[in-house]
Structure formats: C-alpha cells, structure tokens
Amino acid sequence: MSRKPLVELQDVRKKIGRKEIIHGLSFNIYGGEVFGFLGPNGAGKTTTIRMMVGLMKLSGGKILINGKNIQTEYKQAVSNVGAIVENPEMYKFLTGYQNLIHYSRMVKGVSKSRIAEMVELVGLTDRIHEKVKTYSLGMRQRLGLAQALLHSPSVLILDEPTNGLDPAGIREIRHYLRELAEKEGIAVIVSSHLLSEMEIMCDRIAIIQHGKLIGVQSTKEFVESGSTRKVRFLVDEVAAARHAVSHHVKDERMTLGNGYIEAEMERDLIPEVTATLVVEGIKVYGISSETKTLEDKFLEVTGGKEVV
Amino acid sequence: MSNFIGLIRNENMKIYRRIANLIMLALLIGFIGLNGIITKTEKSAPVKDNWKQELKAENASMEKTMKKEPMMKEHYERLIAINEYRISQGIKPQENKNQWKFVSDSPDAIQFILIFTIIIAGGMVASEFSWGTIKLLLIRPVSRTTILASKYISTLLYALLMIVITFVISWLLGGVLFGFEGSPRSFLSYTDGKVVEENLIWHMWKEYGFASIMLLMMATFAFMMSTVFRNSSLAIGFSIFLSLSGTLIVQFFSSYDWVKYILFANVNLKQYFDGTPFIKGMTLNFSLTVLAVYFLVFIALTWIVFKKRDVAA
C-alpha cells in the first residue's frame with residue numbers, strides 16, 4: 001500500500017445559508033485502499049462526496065486530489081476521479097453504449113477498445129446496445145461503474161455501490177473493488193448504509209455524524225478496539241472456574257451457565273485467564289469469544305439513532 | 001477544440017435520439033406538406049391578358065377606400081405603388097402557384113420553429129437536473145462554462161437545422177407539386193415611398209433573418225429560464241406564453257413612453273425596412289441596442305447561475 005495520500009481533506013466546511021452542516025472534516029485517503037464512509041442519514045456523507053467531485057463548493061478548508069485543489073485546479077483534480085453520486089442515473093433513451101460514448105467524449109484519450117474492455121469487465125456485453133430504460137437497477141449500477149472507470153481514474157468514489165444488486169452481484173462488485181485497490185493501486189471510496197458490507201469490503205472506515213468526524217480507523221481495529229468482549233469458557237466445574245476467573249474479572253461481569261462461564265474482558269486478558277484456569281486444575285473444553293460486528297460498534301459510536 | 005465538437009455531438013445525440021423531438025420534426029414537415037396540398041387544390045383566377053386594366057381598376061377602388069379609412073393609408077399606398085410599378089414596367093403579376101412562390105412563403109413555418117426551439121431550449125439544462133444526469137455530466141474535466149456553451153450552441157444549431165429543413169422540403173415539395181423552375185422571379189418591395197425590385201430568394205432569406213431575431217431572443221430566454229429554474233415545464237410554458245402574447249403586451253402599454261424598452265417592441269426589425277416603426281422616434285440603432293442589452297442580460301444570468309450553483313438535486 002503506497003503511503004502517498006491520493007485524497008486529502010483539510011478542515012473541510014460547508015455552510016448552507018447560515019447553517020454549517022459540515023464542521024471541519026480532515027482525513028487522508030491512500031492509493032490501494034478501500035475506504036468506507038459511514039454515517040447515519042443526514043450526517044453529511046453525500047454533501048462531502050459532492051464537494052470531493054466539485055458538484056458543491058466548499059465554504060472552508062480544501063480538498064486535494066492527487067495534490068491538486070478541487071476548487072482552484074478543478075480540471076486536473078477531477079480528471080483523476082471517477083464517481084457515481086447517489087444513483088447511477090443515465091440517459092434512459094440512449095443505449096448503454098451511447099451513454100459510454102457520451103462520457104468518453106468528455107475526457108481525453110478513451111479509445112473504443114477501452115470502452116469495450118469496460119463493458120466486458122462489468123459484464124454488459126450482451127445488452128450494451130439496448131436502451132438503458134430496459135435495464136434493471138443492477139445493470140444500471142454496472143453501467144455506472146463502467147462510466148466511472150472509463151478514463152482509468154486513480155480515485156474511485158461510489159455512493160452506495162451495492163444498492164440494488166443481488167447477493168451474487170454484491171460479491172462480484174466487492175471482489176472487483178478490492179482488486180482495483182490492490183492490483184491497480186486505486187483509492188476506492190465507498191459510502192454505504194450496509195454496515196456488514198463495509199466490514200468485509202473496506203480497509204479503513206471514517207464515521208461522521210452531524211457533519212463531524214467521529215473517527216477514522218482500520219476496519220479491524222475499529223471492531224476490536226479497546227472495548228471488552230464476552231468470552232465463554234466451557235469447563236467441567238463452573239463454581240471452581242468462577243473462583244479462578246475472579247482473580248481477573250469482577251463478579252458482576254461474569255455469568256454462569258450450565259457447563260460454561262462467561263466473562264467480559266479485554267482481548268489481552270484471555271490467555272492469562274486461561275492459564276489461571278489450567279493452573280487451578282479446571283478442565284477447559286473450549287474457549288469462544290464473541291466478536292463485535294461493525295454494526296454493534298457503529299450503533300455504539302453513533303448512539304444508535306437514525307441508522308438506516 | 002476537438003473536445004468542444006465532442007460536446008456538441010453529445011448534445012446533438014441527446015436531442016435527436018429522443019422520439020419526442022423527432023415527432024416535432026415530423027410535425028414541421030407535415031405542416032409544410034399540408035400547406036403544399038392546400039396551395040395546390042386552392043382555386044385561383046388565371047392572370048388575364050388585360051391585367052393592366054384590371055390593376056388600374058383595383059387602384060381606383062383602393063384609393064376610394066383609403067379616403068374612408070385614413071388608418072389604413074400606408075397599407076393602401078404601398079399596394080397602389082406596387083401596382084403602378086407593374087403597369088409602368090410591364091411586370092405581369094405572378095400566379096400564386098409556382099415553385100419559388102411556394103418556397104418564398106416558407107418563412108410562415110417559423111412560428112412552428114419558434115415553438116419547437118423553445119421546447120428544446122427549455123429542456124436543455126432543466127432535463128439534466130430532472131433526469132439526475134447533471135451529477136455525472138458535471139464531474140468531468142470540462143468547465144461548466146464550456147458545457148453550458150455547448151448546450152446553447154446546440155440549441156441554436158437545432159433552430160438553424162429546422163430552417164434549413166423547411167427550405168429544402170419547401171423547395172422539393174414546390175417542385176413536385178408545381179414543377180421545378182430555374183431562376184426565381186423578382187419580388188417587389190416598397191421602401192421609403194419607392195418600389196424596389198428584389199430577388200425573390202433574397203427577399204425570402206431576409207424574411208427568415210427578421211424572424212430569426214425573435215427566434216434567437218426567445219430561445220435564449222427559454223434557455224435562461226431552464227437554467228435558472230431547473231424546471232422545463234416552467235421554462236417552456238412561460239416562454240411560449242410570452243412569444244404569443246408579446247405583441248399584445250406592447251399594445252396594452254402603448255400609451256406609456258417606456259413601452260419602447262420592452263423586448264417585443266424591438267424584436268421586429270422589419271418595421272424599419274418595410275413599413276413604419278411601431279412607435280414614432282424609434283430607430284434601427286435604438287432597437288439593436290435594446291436587443292443587445294436583453295441578450296447580454298439573458299446570457300449573463302444563465303452563465304452566473306450555472307457557474308455558481310451547488311448541484312444538490
């Protein structure tokens with residue numbers, strides 16, 4: 001993974017009327033990573049994406065794409081960007097191919113073979129000469145992706161990329177986005193409300209709420225960070241086990257069951273507790289730890305409100 | 001530059017690949033066809049050998065009516081002068097049915113072209129917003145100014161194409177219905193109390209030219225409405241309403257001095273070449289200045305709004 005940021009947000013602010021809806025977002029996105037953009041509805045995700053592609057002006061701060069300021073060096077900056085903003089809306093009365101021709105005329109150096117390659121890649125070869133109005137939402141999504149990748153951008157921004165796709169399609173897109181990031185070093189930025197999706201797809205996640213950045217973390221760290229988890233030990237003597245575990249964990253954080261004991265503890269504590277159990281001569285048949293999903297964590301962080 | 005031609009091709013593709021717009025083209029051709037059939041079947045008296053006596057009699061009767069209706073004085077003076085010119089120069093009045101006469105009547109179709117152009121102009125920017133495609137259109141390495149210019153020029157090219165089609169179809173249909181003729185006859189126009197002989201085709205292009213001023217102004221107006229309000233129905237409806245009621249508005253306020261600053265009082269430049277100005281004291285330069293100011297205001301508003309707008313739709 002290269003460490004040169006492809007997208008830099010520096011104290012980005014947006015005011016609409018007198019109301020500030022984005023209060024100073026700062027973070028970097030690097031080539032080769034899939035970056036998730038997460039937040040409840042109305043948190044300012046789409047507004048931020050619109051500012052990144054130049055559809056909206058910034059009220060403060062700046063956004064650099066490949067070192068170029070999106071406001072003052074718009075053409076150079078945006079020529080590195082491919083995007084789908086919200087739904088992939090295409091000209092419905094044109095064919096898929098005509099739509100791609102349309103966008104290819106707006107950038108330099110997109111050949112017919114490049115278009116064919118993209119069509120092949122998103123699996124629309126059979127239907128590309130049909131009108132877009134006959135396409136399913138999933139097909140439009142694929143056409144949107146082809147459109148965004150035509151000019152080989154180094155930054156790919158996708159708003160809700162798996163929206164309207166069937167599970168097979170979702171897996172395909174996920175696989176493809178990962179490949180783009182890993183093999184071609186593209187910075188892929190996705191926003192999604194499907195938290196479980198983000199968990200599998202993204203390397204790092206930024207959470208925003210009420211126009212503020214709550215945190216940027218790697219997906220793994222994010223799920224595992226700091227907080228305690230429930231660990232279940234399958235033991236032969238529950239009462240003895242309780243005594244052994246109580247050296248490390250307070251009583252109120254333990255629950256006893258039939259043939260098992262559950263205790264809340266940090267990850268680092270698990271080996272120590274296990275060692276104590278063994279030293280005390282208790283037979284341990286199994287240890288399982290309940291990992292928090294991104295969803296639990298997200299609800300925890302954002303206060304569990306307005307999540308759609 | 002090749003980039004810009006690409007943008008124009010894009011806009012053209014979006015105009016001509018839509019069924020609704022092709023239907024408008026069919027309607028225009030249908031109108032010319034209908035006009036041809038009506039002209040063909042219409043009965044008209046052949047020009048007799050004693051046409052000089054007939055014109056004299058016509059002049060005598062017109063002079064009588066002219067005294068009774070002083071309001072119409074200028075109108076009759078013109079007809080009488082043309083008739084006298086025919087008698088003195090021996091130019092036989094033409095029969096209505098011939099190819100070039102049919103072609104030279106084709107500027108009538110500009111009413112349709114005006115409405116169709118307003119429909120195209122009114123949808124040009126607003127439709128991109130209602131389709132949602134504006135978001136994909138404006139994230140390319142092309143400035144908003146360039147995109148707007150390509151849309152505006154494509155609108156004007158559409159109007160131009162309509163005029164060319166009207167001319168070509170009229171010429172073809174006129175030839176088929178009335179027989180092809182080589183060179184057109186001359187047309188008599190009356191300016192500053194004098195009769196002037198003109199080439200009929202030159203006269204026709206002048207008619208197109210005068211009508212195109214209205215076309216240009218209203219297309220620009222509809223384009224502005226489309227950009228500012230992002231609502232094609234509003235842009236089209238309001239522009240057509242103004243086009244139809246423009247003359248009425250001018251008449252309604254004709255007692256006020258400021259009426260001469262209204263767009264529609266200036267849009268008909270023909271008043272300075274053939275006939276008398278609508279309001280005494282108005283000159284060609286005055287009207288050209290007023291038109292230029294309106295035009296620049298329309299363009300500037302369109303450009304500023306399009307350039308500055310946050311796309312949130």
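Let's start in chain A, where A:Leu9 has A:Phe27 in S2(A) as its bridge partner. Keep in mind that this is a predicted model.

Now step back to the whole sheet. It is an open one with four strands in the order S2-S1-S4-S5 (chain A), and the pairing is antiparallel. Strand S2 (19-30) and strand S5 (68-69) of chain A sit at the edges with a single partner strand each, so one side of each has no neighbour in the sheet. As a reminder, strands of a sheet pair through backbone hydrogen bonds, either parallel or antiparallel.

Moving across from S1(A), you reach S4(A), and these two pair in the antiparallel sense over five bridges. One place to look is A:Gln10, whose bridge partner in S4(A) is A:Lys62. From S4(A) the chain goes on to S5(A), and this antiparallel pairing has two bridges. Here A:Leu64 stands opposite A:Asn69 in S5(A). S4(A) and S5(A) make a hairpin with two residues between them, and A:Asn66 in the turn has a positive phi of about 55°.

How is chain A divided up? There is a domain 1 (5-224) and a domain 2 (229-291). Taken over C-alpha atoms, the centres of domain 1 of chain A and domain 2 of chain A are separated by 46 Å.

Further along chain A comes another open sheet, again built of four strands. Its order is S12-S13-S11-S14 (chain A), with antiparallel pairing. The edge positions go to strand S12 (254-257) and strand S14 (284-289) of chain A; each has a single partner strand, so one side of each is left without a neighbour in the sheet. From one strand to the next, the twist averages 20°. Helix H10 (residues 269-279) of chain A packs on this sheet, where it touches strand S11 (229-235), S13 and S14 of chain A. The direction of H10 makes about 20° with that of S11(A).

Zoom in on S12(A) and strand S13 (residues 260-265) of chain A, which run antiparallel and are joined by four bridges. A:Thr255 stands opposite A:Glu262 in S13(A), and A:Gly257 has A:Tyr260 as its bridge partner.

Over to chain B. Its pLDDT averages 88, and 96% of the residues score at least 70. Among the elements of chain B, helix H13 (residues 284-308) has the highest mean pLDDT (96), while strand S1 (residues 186-191) has the lowest (75).

Chain B is split into domain 1 (2-43 + 97-308) and domain 2 (48-93). The C-alpha centres of domain 1 of chain B and domain 2 of chain B are 34 Å apart. Where the two meet, six residues of domain 1 of chain B are in contact with eight residues of domain 2 of chain B.

Several elements of chain B supply at least two lining residues each, including helix H3 (51-68), helix H6 (110-124) and S1 of chain B. H10(B) gives the largest share of the lining of this pocket, with seven residues.

Then there are the cavities: a search of the whole structure finds three of 30 Å³ or more. The largest cavity has a volume of about 60 Å³. Its lining residues include B:Phe31, B:Ile32, B:Asn35 and B:Phe102. Helix H2 (19-41) and helix H9 (144-178) of chain B each supply at least two residues of that lining. The largest share, three residues, comes from H2(B).

Methods:
Residues are numbered from 1 along each chain as its sequence is written. Chains are lettered from A and ligands numbered from 1 in the order in which they are written. This is a predicted model: local features need pLDDT of at least 70, side-chain atom pairs count only at pLDDT 80 or more; totals for chains, interfaces and linings use all residues. Side-chain values use heavy atoms; hydrogens and water are left out. pLDDT is the predictor's confidence in each residue, from 0 to 100. Domain bounds come from an automatic or database domain assignment. Two strands pair if DSSP finds at least two bridges between them. Axes are lines fitted to C-alpha atoms, for helices over the stretch in contact, and angles run from 0 to 180 degrees between N-to-C directions. Contact means heavy atoms within 4.5 Å. On a 1 Å grid over the protein atoms alone, a cavity is a set of points where a 1.4 Å probe fits but cannot get out, and a pocket is an open set with protein on both sides within 12 Å along at least five of seven lines; lining residues have an atom within 4 Å of a point. Grid points are joined across faces, edges and corners, and a volume is the space filled by probe spheres set on the points.
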